[in-house]
Amino acid sequence: MDLKGKRVLVIGERDGVNAPAIEACVKSAGAEVLYAETLCFV
Amino acid sequence: MVVEQKGTEDVVAVLGANSAAAVEMTALTLMSGDPSYAGPLAGVALGIPSFHILEPEIVGQIDAAIYERELALSALAMDVDEVVAPMKSIREG
């Protein structure tokens, strides 16, 4: 799957990879971010 | 809901959870509806494929400097093979 040109829903997690980190990564691959949220299950 | 406004064409989800169970629940919900039937997406099959940010096919597309800054530590702390194991079969139905 090529991220370039994809529209991405970012669902991060506090104890894993948070949403701003994922957002930076997928943007660097040419994707557009539609939504970004960091979940916390604590 | 975002997809009600923007549609689902060319939409994918990228997840960052650190357990296979959490990743599986989220990926199943976005593909075929909430498997626990507990939330608003119960019975709503959006058909959105999910990928984990640390899956090799995603990592390979990320700028190397940004990977080092944002993901390298998480990749060390997480059992990546175990966490990403459910992703492919859920995408393929």
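Two strands are taken to pair if DSSP finds at least two bridges between them. In this predicted model, strand 1 (residues 7-13) of chain A and strand 1 of chain B are joined by 5 bridges and run parallel. Within this arrangement, Leu9(A) stands opposite Ala13(B).

**Confidence of the prediction**

For the complex, the predictor reports an ipTM of 0.97 together with a pTM of 0.95. Chain B has a mean pLDDT of 94, and 100% of its residues reach 70 or more.

**Chain A**

Chain A contains 1 helix and 2 strands, which follow one another from the N terminus in the order β-α-β. Its C-alpha atoms fill a box of roughly 35 × 15 × 15 Å along the principal axes. The chain has 42 residues, of which 40% count as buried. Where contacts in chain A link residues at least 6 apart in sequence, 57% of them join residues at least 24 apart.

**The side of chain B that touches chain A**

The contact between the chains involves 27 residues of chain B and 24 residues of chain A.

By class, the side of chain B that touches chain A comprises 17 nonpolar, 5 polar and 5 charged residues.

**The nonpolar core**

The largest nonpolar core has 32 residues. Those with the most contacts inside this core are Val10(A), Ile22(A), Cys25(A) and Val26(A) from chain A, and Val14(B), Leu15(B) and Ile53(B) from chain B. In chain A, strand 1 and helix 1 (19-28) each supply at least two residues of the core. In chain B, strand 1, helix 2 and helix 6 (80-84) each do likewise.

Which residues does Ile53(B) touch, not counting residues up to four places away in sequence? In chain A, Ile53(B) touches Val17(A), Ile22(A) and Cys25(A). Within chain B, the residues touched by Ile53(B) are Val14(B), Leu15(B), Gly16(B), Ile58(B) and Leu71(B). Ile22(A), Cys25(A), Val14(B) and Leu15(B), touched by Ile53(B), are also among the residues with the most contacts inside the core.

Key
Residues numbered from 1 in each chain as written. Chains lettered and ligands numbered in written order. Predicted model: local features only at pLDDT ≥ 70, side-chain atom pairs only at ≥ 80, totals over all residues. Helix = DSSP H or I, 4+ residues; strand = E, 2+ residues; numbered from the N terminus. Buried ≥ 20, exposed ≤ 12 C-beta atoms within 10 Å, placed from the backbone. Contact = placed C-beta atoms within 7 Å. Nonpolar A, V, L, I, M, F, W, Y, C, P; charged D, E, K, R; others polar. pLDDT = per-residue confidence, 0-100. Core = buried A, V, L, I, M, F, W, Y, C linked by C-beta atoms within 7 Å.
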